[in-house]
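Let's take a friendly walk through a protein structure. Have a look at the sequence and the model first, and then read on.

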Amino acid sequence: THSSAEISVATWNVHGCRTRTGGRFMLQDRIGTVMPDILALQEVELQGPSESPRGSIQELRTASFESTAAATFSASPFSPQGQLAVVLMSKARLRSPRALTFPNVVSSEGMASDFHDKGIVFAEVQVGDAVVDVVSLHLFPFHRVNIDERDERLLSFWPQVDSMIRPRPTVPRIVMGDFNSVHRYELLPSLREGELHGLFR
């Protein structure tokens, strides 16, 4: 039995808080009055440890959100010392946050040795009388190295991702992020079989 309480969520790949012309922007300015209960972000650039995010993330947290969970996986293409992170921000306390790095088959198999890591950050949040899992993820941009995500060399990758995002038996799960794949329903059984219900196809 799940809670009847409502929760609003949003997700956004912020591209290092850069515009298409390379200019910087502040998340607080762009998000404006659209302040969901849970915000998932990808490609947030952090200059320090993921446990103590600074810059635009800290300003957004101070203004609107009580709790933040962040994990860095990739070096940033925007600044020499920066790292790109996936982030969860919540108006309620995020409990038991944890992060996982996706298996980088492209790098380990020698298809592209400098292919950056990507990953996922999880947390629990109380919604009414229920606990809900919330997830922010960033999957690999296989197209950047001219690899079709259905390539046979990636056959072991997708089941591992599916096992990571599949909901727990009695806990609702909200998965947000940049999947970088138009074939995700074909490749992820948890989507195809309805364990997770996608909003966009």
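Arginine 150 is partly exposed, with a relative accessible area of 39%; here, buried means under 20% relative accessible area, exposed means over 50%, and partly exposed lies in between, using a 1.4 Å probe and protein chains only. Arginine 150 also makes a salt bridge with aspartate 148, a term for a side-chain nitrogen of Lys or Arg within 4 Å of a carboxyl oxygen of Asp or Glu. Aspartate 148 is partly exposed too, at 34%.

Before going further, a word on the model and its numbering. The model is predicted, so local features need pLDDT of at least 70 and side-chain atom pairs count only at pLDDT 80 or more, while totals for chains, interfaces and linings use all residues. Residues are numbered from 1 along each chain as its sequence is written, and side-chain values use heavy atoms, leaving out hydrogens and water.

**The overall picture**

The protein has six helices and eight strands. Both are DSSP runs numbered from the N terminus: helices are H or I with at least four residues, and strands are E with at least two. Along the sequence, they follow the order β-α-β-α-β-β-β-α-β-β-α-β-α-α. Of the 201 residues in the protein, 47% are buried. The protein exposes about 10,600 Å², of which carbon and sulfur atoms supply 48%; these areas come from the Shrake-Rupley method with a 1.4 Å probe, and for residues only the protein chains shown count as cover. Contact means heavy atoms within 4.5 Å. Among contacts between residues at least 6 apart in sequence, 66% join residues at least 24 apart.

Why is strand β6 described as largely enclosed by the rest of the structure? Eight of its nine residues (119–127) are buried, so the rest of the structure largely encloses this strand. Two strands pair if DSSP finds at least two bridges between them. Strand β5 (residues 95–101) runs antiparallel to β6, and five bridges join them; arginine 98 has phenylalanine 122 as its bridge partner in β6. On to strand β7 (residues 130–138): eight bridges join it to β6, again in an antiparallel arrangement. There, valine 125 has valine 132 in β7 as its bridge partner. The hairpin of β6 and β7 has two residues between the strands, and glycine 128 takes a positive phi near 60° in this hairpin.

**Salt bridges**

How many salt bridges does the structure hold? There are eight, and three of them are set out below.

| Residue pair | Closest N to O distance |
|---|---|
| Arginine 150 and aspartate 148 | 2.9 Å |
| Arginine 153 and aspartate 151 | 3.0 Å |

Arginine 95 is partly exposed at 23% relative accessible area, whereas glutamate 124 is buried at 18%. A network of salt bridges links Arg95, Glu124, Asp133, Arg168 and Arg173. As for arginine 153, its relative accessibility of 45% counts as partly exposed.

**The nonpolar core**

A nonpolar core is a set of buried Ala, Val, Leu, Ile, Met, Phe, Trp, Tyr and Cys residues joined through side-chain atoms within 4.5 Å. The largest one here has 25 residues, and those with the most contacts inside it are Phe102, Ile120, Leu139, Phe142, Leu154, Phe157 and Trp158. Two or more residues of this core come from each of α3 (105–108), β6, β7, α4 (157–165) and α5 (184–187). The most come from α4, which gives five.

Which residues of α4 are buried? They are Phe157, Trp158, Val161, Asp162, Met164 and Ile165. These residues cover an arc of only 160° around the axis, so they sit on the same side of α4; the arc is that of the directions from the helix axis to the C-beta atoms. An α-helix has 3.6 residues a turn, so residues three or four places apart point the same way.

Phenylalanine 142 touches Val106, Phe115, Ile147, Glu149, Leu154, Phe157 and Trp158, not counting residues up to four places away in sequence.
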